Amino acid sequence: MAKTKSIYFCQNCGNQSPKWIGKCPVCGEWNTYVEEVIDKDVEKLKEKRNPSAKKNEENKPIPVKDVHDIEMRRLDTLDTELNRVLGGGIVPGSLVLIGGEPGIGKSTLMLQLALQLKGVKVLYVTGEESDQQIKLRAERIGIKNEQCFILTETNIQQIFKQTEALAPDVIIIDSIQTLNTVYVESPAGSVSQVRECTAELQRYSKETSIPIFLIGHITKDGMIAGPKVLEHIVDTVLQFEGDRNYTYRILRTTKNRFGSTSEIGIYEMLGDGLRPVLNPSEILLTQREDDLSGIAIACMMEGMRPFLIETQALVTPAFYGTPQRSSTGFDVRRMNMLLAVLEKRAGFRFGTKDVFLNIAGGLRVEDPAIDLAVISALTSSYNDMPVPSKIAFSAEVGLSGEVRAVSRIDQRISEADKLGFEKIFISKFNQKIDTKKLNIEVVTISRVQQLMEELFG
Ligand code: TYD
Ligand code: MG
């Protein structure tokens with residue numbers, strides 16, 4: 001009879017304990033320990049199977065210049081956005097985790113990649129949907145590729161068997177939470193299963209140099225379901241985010257062993273799949289004929305990319321008791337702070353007003369450079385005086401009403417210039433910039449009051 005033992009795993013951080021405990025000593029979370037059964041005979045088997053443990057071969061140090069260069073062999077995904085977030089293409093033998101909320105478009109993105117890759121064999125392993133469902137989706141995306149194979153399987157040993165027969169160049173797993181390995185008895189999706197399957201895939205990809213993409217679900221609080229250790233095992237973690245009610249999606253690199261983590265990719269979800277958005281500013285600026293009050297355009301950065309985005313504010317008298325403060329896409333506490341600055345430094349009276357703020361496109365903006373546009377939108381609505389639509393803003397606002405410098409101002413200005421803006425307000429403290437080649441007028445200011453005079457006289 002197989003000897004089994006149970007181990008308790010923290011569902012949050014993956015820590016193990018021989019007995020149940022209420023509070024995890026490692027991550028400090030309460031009530032996260034869950035019992036999982038582990039087969040002891042299999043543990044030994046596992047050690048044997050692990051080639052690095054099998055032979056205690058000595059690894060000799062080699063000069064770094066003699067190590068193979070991986071940059072040369074990156075596989076082009078034919079998707080500008082995906083290439084960008086991966087750091088220039090798919091690295092052989094890499095394990096990439098794609099996290100995101102249900103319904104955001106992870107399966108669509110990966111199937112599109114599988115269909116798009118030309119001249120390589122791709123295996124799409126699905127444990128979530130049937131092959132007919134995948135077929136339907138593939139028809140929707142509308143790309144034909146004879147080299148794309150679908151496998152409905154959840155057992156990892158079976159998957160390896162099939163990959164040996166098929167010899168694909170790229171493997172996609174949808175999703176890691178549906179996989180199971182014979183070496184762990186607990187159900188699919190449990191911490192030990194997820195961790196063991198990921199470790200096996202990592203070993204497999206390193207041994208065979210086949211890049212593997214893993215889709216992972218996200219828990220309510222925004223973490224990739226399964227322990228944090230999952231993120232340590234894989235080489236790259238990509239987060240697919242966006243509001244399900246809007247069509248824009250952002251693919252963000254949160255970890256990358258082969259490139260920068262400040263890259264983002266932007267997509268639009270259409271009826272026939274995801275379309276890479278090459279010029280995000282154009283879609284985030286609404287087309288309008290007249291100048292309306294309460295609208296100001298901010299020039300912000302997401303990762304390394306500048307784009308222009310519309311901030312909209314509505315300030316109305318509050319009739320029902322406590323005035324309302326509400327904000328979408330922008331931190332409401334920061335909005336309150338900006339309101340207090342306007343109140344104290346520029347003589348506005350927001351105390352009896354309802355204030356609503358909205359960032360267009362369903363995006364969440366954390367770049368402080370949007371402050372100046374928020375202030376302009378708020379005061380424009382308060383005064384009911386429009387800000388001319390060809391004006392952009394890019395600066396942070398401090399507590400004493402000072403207008404502060406922001407990073408990469410040149411890129412921001414040239415983006416606004418490229419899109420035909422006529423004037424941009426920036427901080428006086430931003431370094432000298434060369435405006436000779438630009439058509440846009442750059443106005444530098446140091447205080448909020450100064451901006452109010454410039455805008456509303
Ligand atoms: P899906 O890839 O199934 O999400 P996930 O795998 O992250 O759960 O995407 C589901 C949504 O995308 C679904 O609501 C339908 C929509 N969709 C489109 O709008 N256009 C398309 O071409 C496809 C395939 C899906
Ligand atoms: Mg899916």
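Guide: Helix α4 gives the most to the shell around ligand 1, with three residues. This is a predicted model, in which local features need pLDDT of at least 70 and side-chain atom pairs count only at pLDDT 80 or more, while totals for chains, interfaces and linings use all residues; side-chain values use heavy atoms, with hydrogens and water left out. Residues are numbered from 1 along each chain as its sequence is written, and chains are lettered from A and ligands numbered from 1 in the order in which they are written. Helices (H or I, at least four residues) and strands (E, at least two) are DSSP runs, numbered from the N terminus.

At least two residues of the shell come from each of α4, α5 (131-141) and β11 (264-270). There are 15 residues around ligand 1, each with a heavy atom within 4 Å of it, and those that come nearest are Gly103, Ser107, Thr108, Leu270 and Gly273. Several polar contacts can be followed here, a polar contact being a pair of N or O atoms within 3.5 Å; within protein, one atom must be able to donate a hydrogen and the other to accept it, and residues adjacent in sequence count only if both atoms are side-chain atoms. The side chain of Ser107 has an N or O atom 2.6 Å from an oxygen atom of ligand 1. For Thr108, a polar side-chain atom lies 2.6 Å from an oxygen atom of the ligand. Gly271 takes part through its backbone, where a polar atom is 3.0 Å from an oxygen atom of ligand 1. On its own, ligand 1 has 560 Å² of accessible area, and the protein covers 75% of that; such areas come from the Shrake-Rupley method with a 1.4 Å probe, and for residues only the protein chains shown count as cover.

How does α4 itself sit in the fold? Eleven of the eleven residues of α4 (residues 106-116) are buried, so the helix is largely enclosed by the rest of the structure. Buried means under 20% relative accessible area, exposed means over 50%, and partly exposed is in between (1.4 Å probe, protein chains only). The buried residues of α4 include Ser107 and Thr108, together with Leu109, Met110 and Leu111.

The helix lies across β4, β5 (122-126), β6, β7 (170-174), β8, β9, β10 (248-256), β11 and β12, where contact means heavy atoms within 4.5 Å. Its direction runs at about 165 degrees to β8; axes are lines fitted to C-alpha atoms, for helices over the stretch in contact, and angles run from 0 to 180 degrees between N-to-C directions.

These strands belong to an open sheet of nine, in the order β6-β5-β7-β8-β4-β9-β10-β11-β12, with mixed pairing. Two strands pair if DSSP finds at least two bridges between them. At the edges stand β6 (148-152) and β12 (273-276), each with a single partner strand, so one side of each is left without a neighbour in the sheet. From one strand to the next, the twist averages 25 degrees.

Six of its six residues are buried, so β4 is largely enclosed by the rest of the structure. Leu95, Leu97 and Gly99 point one way from the strand, while Val96, Ile98 and Gly100 point the other way. Strands of a sheet pair through backbone hydrogen bonds, either parallel or antiparallel. With β8 (residues 212-217), β4 pairs in the parallel sense over six bridges, and Leu97 has Leu214 as its bridge partner there. With β9 (residues 236-241), β4 also runs parallel, joined by five bridges. In β9, Ile98 has Leu238 as its bridge partner, and Gly100 stands opposite Phe240.

Finally, the whole chain provides the setting. The chain has 13 helices and 21 strands, and its C-alpha trace spans about 85 × 50 × 50 Å along its principal axes. Of its 457 residues, 49% are buried. Among contacts with a separation of 6 or more, 67% join residues 24 or more positions apart. The accessible surface comes to about 22500 Å², and 50% of it belongs to carbon and sulfur atoms. A further open sheet has seven strands in the order β15-β16-β14-β13-β17-β20-β21, again with mixed pairing. Its edge strands are β15 (325-328) and β21 (441-445), each pairing on one side only.
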